[in-house]
Amino acid sequence: MTETTAGATRADVWLPFPAEEIDGLPEGLDYLFWDGGPEYPGDPADCVYYVVPYLKGSEVAVRPMDAMSAVQVVQTLSAGIDHVEPGLGLLHPGVRLCNAKGVHEASTAELTLALILASLRDLPGFVRGQDKEEWRSGFYPALADKSVLIVGYGSIGAAIEDRLAPFECARVARVARSARTTERGPVHTLDDLSALLPEADVVVLSTPLNPSTRGLVDADFLAAMPDGALLVNVARGGVVDTKALLAELESGRLRAALDVTDPEPLPSGHPLWHAPNVLITPHVGGSTSAFEPRAKRLLATQLTRFAAGEPLANVVSTTG
């Protein structure tokens, strides 16, 4: 806490943006800027609301958590929370963990469509041809008339389907943790994958990484996909068994477009870099101009609710 001239204390909030850059922050809180640097902006023990630095990795995210004895909320600016989970056991009971639902849907869905279209139409091959001054004409697959399976039908999965709508897909199937019905059709469970995979020309992974999804895309999952199918991963690298995927790519049976890998960052010399039929982007699904304004709006809304004692949005767990 920060002591005021009247002797009272005010609550510290750690932000990865300077407070003056965020419109609508409530008064009555002390805003300290920390974006993962070696020096803390204040005593971690005084922080009541910790906004985790974005894209700085688990080591940075967790580093101050053991000393945050007064923290009430840990807020990520990512949809996934796996990078902060190692630190949750360091916190006292009752700390709310909130994710950034609503921040990354547009950017991640855009990249998903870009990866699908670039892979199907072989845009990387055209770029290589341009570098060599080669005119690579030919016949290429279209997204039209393809069957697409979205594994992980949360807000990002729904945003991906929104953007698939104009492309005249033959079918979009949806899989999530729980079965339900949406305006666009039924959502199946993971138990239905064995029946859905053989019919999918494009499989999009947008699921969180958790114990039930780690290694979900293993040799059996990939073997169930039809010849020539495309696997698109905008989830987390750990959802896919890299060794099993490499075997399918090197055989030429499947294609892949990966925004995330396991390991990540993908080290120099890793065989995935030069595997056939793979397009790799360096985990940039949420790293666009759309991120900052949405992240700042989320923080202003969340902190206004926090200051007023109102329920927070996007609470995914509470420490016990």
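Reader: Hi! How does the lining of the second largest pocket divide into nonpolar, polar and charged residues?

Author: Hello! That lining divides into 9 nonpolar, 4 polar and 3 charged residues. Here Ala, Val, Leu, Ile, Met, Phe, Trp, Tyr, Cys and Pro count as nonpolar, Asp, Glu, Lys and Arg as charged, and the others, Gly among them, as polar. This is a predicted model, in which local features need pLDDT of at least 70 and side-chain atom pairs count only at pLDDT 80 or more, while totals for chains, interfaces and linings use all residues. Residues are numbered from 1 along each chain as its sequence is written, and side-chain values use heavy atoms, with hydrogens and water left out.

Reader: Thanks. What is the average pLDDT of the chain?

Author: The protein chain averages a pLDDT of 95, and 97% of the residues score at least 70. pLDDT is the predictor's confidence in each residue, from 0 to 100. Over residues 1-8 the pLDDT is below 50. Leaving aside near neighbours in sequence, that stretch has 13 contacts in the model, where a contact means heavy atoms within 4.5 Å.

Reader: Back to that pocket: how much space lies in it, and which residues are closest to its centre?

Author: The second largest pocket holds about 230 Å³ of space. It is lined by 16 residues, and the closest to its centre are Pro 124, Arg 128, Asn 277, Val 278 and Leu 279. Helix H4 (123-131), strand S13 (255-258) and strand S14 (278-280) each give at least two residues to the lining. Helices (H or I, at least four residues) and strands (E, at least two) are DSSP runs, numbered from the N terminus.

Reader: How many cavities of 30 Å³ or more are there?

Author: There are 2. On a 1 Å grid over the protein atoms alone, a cavity is a set of points where a 1.4 Å probe fits but cannot get out, and a pocket is an open set with protein on both sides within 12 Å along at least five of seven lines; lining residues have an atom within 4 Å of a point. Grid points are joined across faces, edges and corners, and a volume is the space filled by probe spheres set on the points.

Reader: What's the volume of the largest cavity, and which residues line it?

Author: Its volume is about 50 Å³. The lining includes Asn 233, Val 240, Leu 258 and Asp 262. By class, that is a lining of 5 nonpolar, 4 polar and 1 charged residues.

Reader: And which residues line the second largest cavity?

Author: Ser 147, Val 148, Leu 149, Arg 171, Ala 173, Leu 196, Glu 199 and Ala 200 do. Strand S7 (147-151) and strand S8 (171-175) are the elements that give two or more residues, and S7 has the largest share, with 3 residues. The volume of this second largest cavity is about 30 Å³.

Reader: Nice. Which strand do 4 bridges join to S7?

Author: That's S11, and S7 and S11 run parallel. Two strands pair if DSSP finds at least two bridges between them. Val 148 has Val 202 as its bridge partner in S11. S11 also pairs with strand S12 (residues 230-233) in the parallel sense over 4 bridges, and there Val 203 has Leu 231 as its bridge partner.

Reader: Which way do the S11 side chains point?

Author: Val 202 and Val 204 point one way, Val 203 and Leu 205 the other, and all are buried. Buried means under 20% relative accessible area, exposed over 50%, partly exposed in between (1.4 Å probe, protein chains only). In a regular strand the side chains alternate between the two faces of the sheet.

Reader: Why does Asp 201 count as partly exposed?

Author: Because its relative accessibility is 28%. Asp 201 is in the loop between helix H6 (193-196) and S11. Setting aside residues up to four places away in sequence, Asp 201 touches Asp 145, Lys 146, Ser 147, Ala 229 and Leu 230.

Reader: Switching topic: where are the cis peptide bonds?

Author: One joins Asp 262 and Pro 263, with omega about 10 degrees. Another runs from Glu 264 to Pro 265, with omega near -5 degrees. Pro 263 lies in the loop between S13 and S14, and Pro 265 is found in the loop between S13 and S14 too.

Reader: What about phi at Glu 133, and is Glu 133 buried or exposed?

Author: Glu 133 is not a glycine, yet has a positive phi of about 60 degrees. Most residues other than glycine have a negative phi, and most peptide bonds are trans. Glu 133 is exposed, because its relative accessible area is 77%. Asn 314 also has a positive phi of about 60 degrees, but Asn 314 is buried, with a relative accessible area of 18%.
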